[in-house]
Amino acid sequence: MDYPRLFEFVESRKEEFLAELGSILRIQSVSADPTKKGEMLRCAEAVSAAMRSVGIENVKLHETEGNPLVYGDYQHSPGRPTVLVYGHYDVQPVDPVSEWETPPFEPTVRGSDLYARGSSDDKGQLFIHLKAFQAMKTIEGDFPVNLKYIFEGEEEIGSVHLEPFIRSHADLLKADVVVISDTAMYGRDMPTICYGLRGMAYTELTVRNAQVDLHSGSFGGAVENPVHVLADIISRLHDRYGRVTVPHFYDDVAQVSDVEREEIARLPYSDAEFLRQSGAVAPFGEYGYSTNERLWIRPTLDVNGIFGGFTGEGAKTIIPSKATAKISMRLVPDQKSTRVLDLFESFVREIAPPTAIVELKKLHSGEPAITPIDHPAVRAASAALEQVFGAKPYFIREGGSIPEVLTFQESLGAPVVLLGFGLPDENSHAPNEHLYLRHFFDGIKTVAVLYDKIGGK
Ligand SMILES: [Zn+2]
């Protein structure tokens with residue numbers, strides 16, 4: 001593939017690409033706002049039109065009970081790998097509007113950035129893929145891969161209709177690799193690949209004793225206090241080295257290679273910056289691991305809330321009848337949420353005294369996801385980033401979860417590459433959302449090169 005010609009093509013079309021993206025950014029596709037139904041449809045149609053105009057075929061709106069999904073493909077390379085691209089055309093609400101320096105739906109270039117709601121999350125990133133298609137088609141004429149596109153309009157409200165659609169359309173969406181551009185790079189001009197996400201196991205723990213709160217004068221000292229029991233249980237969930245004490249909790253944690261730990265250590269990081277971002281007093285966590293390792297490669301257990309007894313103004317002399325804690329655990333490969341919840345329950349039952357009743361309720365869970373950094377698809381993405389940015393990319397993980405990643409992995413059996421071109425400080429859910437223009441244009445080049453690398457040409 002003629003990279004110089006491709007790059008030149010993108011450079012020569014900057015104004016045009018920005019104007020086209022602008023027309024999609026002007027549509028107020030706020031999925032959380034029920035009065036914007038018409039805008040959602042208008043946006044789905046605008047995205048479809050943009051797909052057709054670059055030559056993507058079989059473009060179709062798939063109705064759901066919510067907002068339509070937009071599908072399209074271009075499959076003219078038999079025997080070659082198929083890449084499925086996912087993105088979303090809905091955006092976050094814009095309140096408080098008064099804090100925007102320029103109106104959220106009037107795209108404006110200021111300095112090195114394009115300001116508009118959706119510029120970074122995710123219309124700008126979705127558009128990168130359409131323009132990469134256009135660039136490749138214009139320069140090369142044919143593709144070394146087959147391409148499929150699925151864009152949803154409900155990502156910001158929980159992707160409720162995406163999962164059933166993926167499961168019921170596994171043939172339509174069948175692919176060898178899924179590429180998602182909806183995450184952030186580690187910093188400006190720092191090409192980054194995110195290759196792992198933590199999972200989640202969420203439970204609610206209640207300690208009960210009497211049917212009702214008891215008078216502490218009549219009963220205090222003679223019956224168990226559920227708040228004390230709960231506090232005692234919680235205090236025994238970690239040791240003094242910040243490790244979770246639930247037996248076998250770490251048994252299934254996959255060994256992280258030295259190469260991966262070196263990659264994490266290579267990332268620019270400072271405690272001062274971390275404290276500025278978090279507002280915390282000091283870094284804290286499991287002994288023997290750096291902050292990024294604690295966030296990405298280690299599982300955690302956190303009490304998210306605790307309540308019980310009298311919490312109002314003044315004094316009330318009772319022995320509470322019950323106390324509850326919400327407890328979540330972030331999981332890493334190869335932990336399984338069901339097993340971790342079972343281990344937690346066994347441990348709590350073992351340490352709870354016989355003087356009170358312990359109840360556990362499973363709230364929700366999701367499995368950790370990973371695409372190994374030596375996977376061919378990740379290597380292709382890495383090579384593409386290096387080609388365009390002129391630097392070896394950083395490999396990061398993400399401490400949170402992206403549920404659709406797992407759905408794609410499970411339903412299609414395909415690896416997912418998170419090739420995000422946003423930045424952590426682009427205000428994706430806040431006023432003055434913006435997109436760093438260099439990442440937009442270099443993103444277009446990178447995606448085109450990625451198709452070339454995946455195609456193995
Ligand atoms: Zn997004």
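Entry 1: I looked up the spacing of the zinc donors in sequence and found H-x32-D-x60-D. His88 sits in strand S3 (residues 82–88), and Asp121 in the loop between strand S5 (113–115) and helix H4 (123–139), so this pair links distant parts of the chain, 33 residues apart. Helices (H or I, at least four residues) and strands (E, at least two) are DSSP runs, numbered from the N terminus.

This is a predicted model: local features need pLDDT of at least 70, side-chain atom pairs count only at pLDDT 80 or more, and totals for chains, interfaces and linings use all residues. Residues are numbered from 1 along each chain as its sequence is written, and side-chain values use heavy atoms, with hydrogens and water left out.

Which atoms hold the zinc ion? I noted His88 (NE2), Asp121 (OD), Asp182 (OD) and Asp182 (OD), at 1.9 to 2.6 Å. Donors are N, O and S atoms within 2.8 Å of the metal (3.2 Å for Na, K and Ca); water is not among the atoms, so sites may look incomplete. The angles among the four donor atoms run from 53 to 146°, and the site is irregular. Four donors count as tetrahedral if all angles lie between 85 and 135 degrees; four count as square planar and six as octahedral if opposite donors are over 155 degrees apart and all others between 65 and 115; anything else is irregular.

His88 and Asp121 are both buried. Buried means under 20% relative accessible area, exposed over 50%, partly exposed in between (1.4 Å probe, protein chains only).

**Entry 2: salt bridges.** I searched the whole structure and got 29 salt bridges. Each is a side-chain nitrogen of Lys or Arg within 4 Å of a carboxyl oxygen of Asp or Glu.

I checked Arg298 and Glu286, whose closest N and O atoms are 2.7 Å apart. Arg298 is buried, at 11%. Glu286 is buried too, at 7%.

Next I took Arg438 and Asp442, which meet at 2.8 Å. They are four residues apart in helix H15 (residues 437–454), so about one helical turn separates them.

**Entry 3: Lys148.** I found Lys148 in strand S6 (residues 146–152).
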